[in-house]
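The sequence and structure are shown first.

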Amino acid sequence: MDKVSFTMKDIAREFGVSVATVSRALAGSPHISKERREQIQQFAREHNFYPNAIAAQLRQSHIIPSKVIGVIVPQFAHYYFASILNGIEQESSARGYRILVAQSDERYQTEVQICESFYQNKVCGIIVSQAKDTTQYDHFQRLIDAGVPLVFYDRICAGINTSRVVVDDYMGAFNAVSHLIKSGCKRVAFYGTTMNIEISKNRLNGYKDAIYQNGLSVDDSLIIQCDNRDDAEAITPEVLRRHDKPNAFFAVNDETAIGILNATKKAGFRVPEDISICGFTNILAATACEPMLTTVEQRGVEVGKEAADILINFAEGKTPSSQVVKRIVKTRLVVRGTTRPMPDSN
C-alpha cells in the first residue's frame with residue numbers, strides 16, 4: 001500500500017473497524033481495548049502513518065514547515081536542559097529557523113509519540129536527548145530511514161550511529177575525582193544514574209579511572225544509584241553511618257550533590273573539613289547553598305548551539321545526509337567551598 005496515500009480509512013478497513021475507532025486508538029483512548037489499541041498503533045507505525053496532531057497549530061502560526069526544527073527535552077525543569085534549549089534557540093533564530101519544543105517527561109512512549117508528531121508535521125530535523133527509560137530505538141531508526149536529520153545531545157542513542165553533541169563526561173568526572181583525591185580524600189563515593197544512559201557510563205568510568213590512576217582501589221559498595229535531591233537526602237545518612245564511611249562524594253548532577261550536602265550537615269559533619277562534595281552541571285543553585293558547591297561545568301548553551309549548527313547544516317545540504325557528525329564540548333572544574341583546598345605544593 002502506498003505510504004503517501006495511507007489514511008485512517010485504510011487502517012479501519014484492515015481491522016474491520018470504524019475510522020472513529022482508529023482515531024481513538026491512535027490517540028491512546030482507554031475506551032479501546034489495550035490489545036486492539038496496540039495492534040492499530042503498531043500497524044500505523046510500520047506503515048509510516050502518524051496522526052496529524054498539531055498540523056493545525058503550525059498552519060495557524062504561519063511557520064514555514066521546512067524551517068522548523070523539532071526539539072525533544074526530557075524535562076523542562078532541569079537547568080541543564082533549559083540552558084541547552086537556550087543555545088538551540090539562539091543558533092536557530094540567528095540562521096532563520098524556528099523551533100518546536102516538546103517534553104518527553106522521561107517517558108519512552110511519550111518520546112515515541114513526539115517523534116511521530118514531528119515527522120507528520122514535516123519538521124526539517126529533530127534534536128533530541130533520550131528519555132531515561134528508553135531502551136528501544138525503533139522510533140529513531142524510522143526517522144533516519146525516512147530521511148529526517150537527527151541530532152542527539154547529552155543522552156545519546158548508543159544503539160544507532162547518529163550525529164551527536166556531548167560534553168566530555170569522562171574527563172569531567174576524572175578531573176573532579178582526581179581533585180578530591182589530591183586534596184586528601186581517599187574514600188570517594190559515587191552517586192550515579194541508570195546505566196542505560198551513556199553519560200552515566202562515561203562518568204562512572206572517569207570516576208573509576210581517577211581512583212585507579214591515583215593509586216587507590218575501587219570499592220563497589222561506594223557506587224550507589226541515586227540521581228536526585230530527595231533520594232540523596234534519604235540515602236546519605238545511612239552511608240555516613242558506616243564504619244568505613246566515605247570522606248568525599250562525587251554526584252552525577254548538582255541537585256543530587258546538594259541533597260548530599262544537606263544530609264551531611266544535618267548529620268553533624270563539617271563540609272569540607274570532614275566531608276567533601278562535588279557535583280556536575282553548575283546550576284544556579286550551586287552558588288546559593290552554603291558552602292557553595294564545587295562542580296563540573298557542562299556549558300549547556302554551547303552544546304545547544306553546536307547541536308543546532310549540525311542539524312541546520314544537514315537541512316541545508318551543507319553536510320551530506322550520510323555523514324555522522326560528532327562533537328565534544330569540553331567541561332571545566334569549578335572549585336568552590338564544598339571541597340578542601342589543595343595541599344601547599346611548596
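## Phe280 and its strand

The model is predicted. Phe280 is part of strand β9, which covers residues 276-281. Its relative accessible area is 0%, and the cut-off for a buried residue is under 20%, so Phe280 counts as buried.

Val296 is 16 residues away from Phe280 along the chain, yet the C-alpha atoms of Phe280 and Val296 are separated by 4.5 Å.

## The chain as a whole

The chain contains 12 helices and 12 strands. Its C-alpha trace spans about 75 × 45 × 35 Å along the principal axes. Of the 346 residues in the chain, 51% are buried. Among contacts with a separation of 6 or more, 73% are between residues 24 or more positions apart.

## Surface and charge

The side chains include 40 positive and 39 negative ones. The centres of these two sets lie 2 Å apart.

## Packing of α2 and α3

Two packed helices are described by the angle between their axes and by the distance between the axes. For helix α2 (residues 19-26) and helix α3 (residues 34-46), the angle is about 85° and the axes are 9 Å apart. Helix α2 is therefore roughly perpendicular to α3.

On the α2 side, the residues that meet α3 are Val22, Ala25 and Leu26. Their partners in α3 are Arg37, Ile40, Gln41 and Ala44.

Key:
Residues numbered from 1 in each chain as written. Predicted model: local features only at pLDDT ≥ 70, side-chain atom pairs only at ≥ 80, totals over all residues. Heavy atoms only, no water. Helix = DSSP H or I, 4+ residues; strand = E, 2+ residues; numbered from the N terminus. Buried < 20%, exposed > 50% of the residue type's maximum accessible area, 1.4 Å probe, protein only. Contact = heavy atoms within 4.5 Å. Lys, Arg positive; Asp, Glu negative; His and termini not counted. Charge placed at Lys NZ, Arg CZ, Asp CG, Glu CD. Axes fitted to C-alpha atoms, helices over the stretch in contact; angles between N-to-C directions. Parallel < 35°, antiparallel > 145°, perpendicular 65-115°, else oblique.
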